[in-house]
Amino acid sequence: MLQNRVDPYGNLIKSPARGTFMGNRGLLHNEKQEIRRLFKLTAWITCVLEFKDRKRPVMAPGQYTELFFLDEPTSFAAGHRPCFECRRAEATAFKTFWLKGNPEYGFNAKTPIKAIDDILQQERIDQNNKKVTFLEYPDALPDGTFIIFKNEPYLIRNGMMYFWSVEGYGIAKLLPKEKLSVLTPKSVVKTFRTGYLPSFIE
């Protein structure tokens, strides 16, 4: 069992459960398939599981580390965004809605995606590689956002919240009334508000 599943905090964990999306942060493992770093690149991307019949062994020596997510909201909470090669339509939509939702940066359609990646890097982890969060009322958050309730991650969808586990989601619960820590990066939350709808597992 490899340490290549990602939770909403961005942690790399071991699990036999399969994911519905793959991710990439660069080469994170050694020749023994052991994780040695949290990331190498600031471009944390989310990819499809199959693309152009490409086949590769997982965690091959010297190659990037394949990471896996339960679904796209999980990947966004962890700090990833869509890949421009295998998910061009989604990546283009993400950039369009990100620009619309985050006008304070003064970016435009010609701004390279690296500039957005630099913002995401600041929003997902601090200088000690600890998860960055912010406080908000759950009922003010859009679908696809992750919050922390009683030290556990929950997904917001359709005005309810759902406990996250590596195998899937729990039953719907009412949203709490107090402000809670938000796991999804702030600029991504704004991206959801302006129209980007992440792909949920059913």
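User: Which strands each supply at least two residues of the lining of the largest pocket?
Analyst: This is a predicted model, in which local features need pLDDT of at least 70, side-chain atom pairs count only at pLDDT 80 or more, and totals for chains, interfaces and linings use all residues. Residues are numbered from 1 along each chain as its sequence is written, and side-chain values use heavy atoms, leaving out hydrogens and water. Strands are DSSP runs of E with at least two residues, and helices are runs of H or I with at least four, both numbered from the N terminus. The lining of the largest pocket takes at least two residues from each of strand 3 (21-24) and strand 4 (45-47).

User: What volume does the largest pocket have, and which residues are the closest to its centre?
Analyst: On a 1 Å grid over the protein atoms alone, a cavity is a set of points where a 1.4 Å probe fits but cannot get out, while a pocket is an open set with protein on both sides within 12 Å along at least five of seven lines; lining residues have an atom within 4 Å of a point. Points are joined across faces, edges and corners, and volume is the space filled by probe spheres set on them. The largest pocket has a volume of about 670 Å³. It is lined by 26 residues, of which the closest to its centre are M22, V48, L49, E66 and F68.

User: How many residues of that lining are nonpolar, polar and charged?
Analyst: Here Ala, Val, Leu, Ile, Met, Phe, Trp, Tyr, Cys and Pro count as nonpolar, Asp, Glu, Lys and Arg as charged, and the others, Gly among them, as polar. Sorted this way, the lining has 14 nonpolar, four polar and eight charged residues.

User: Which residue of strand 10 is the bridge partner of Y154?
Analyst: Let's start with the two strands: strand 9 (residues 152-157) and strand 10 (residues 160-165) pair in the antiparallel sense over four bridges. For Y154, the bridge partner in strand 10 is F163.

User: Which residue in the turn between strand 8 and strand 9 has a positive phi?
Analyst: Strand 8 (residues 146-149) is joined to strand 9 by antiparallel pairing over four bridges, and F146 stands opposite L155. The two strands form a hairpin with two residues between them. The turn residue with a positive phi, of about 50°, is K150.

User: Is T111 buried or exposed?
Analyst: T111 sits in the loop between helix 2 (88-101) and helix 3 (113-124). Buried means under 20% relative accessible area, exposed over 50%, and partly exposed in between, using a 1.4 Å probe and protein chains only. Because its relative accessible area is 10%, T111 is buried.

User: How far apart in space are T191 and I147, C-alpha to C-alpha?
Analyst: T191 belongs to helix 4 (residues 186-193), and at 0% relative accessibility T191 counts as buried. In sequence, T191 and I147 are 44 residues apart. In space, their C-alpha atoms are separated by 16 Å.

Note on methods: Two strands pair if DSSP finds at least two bridges between them.
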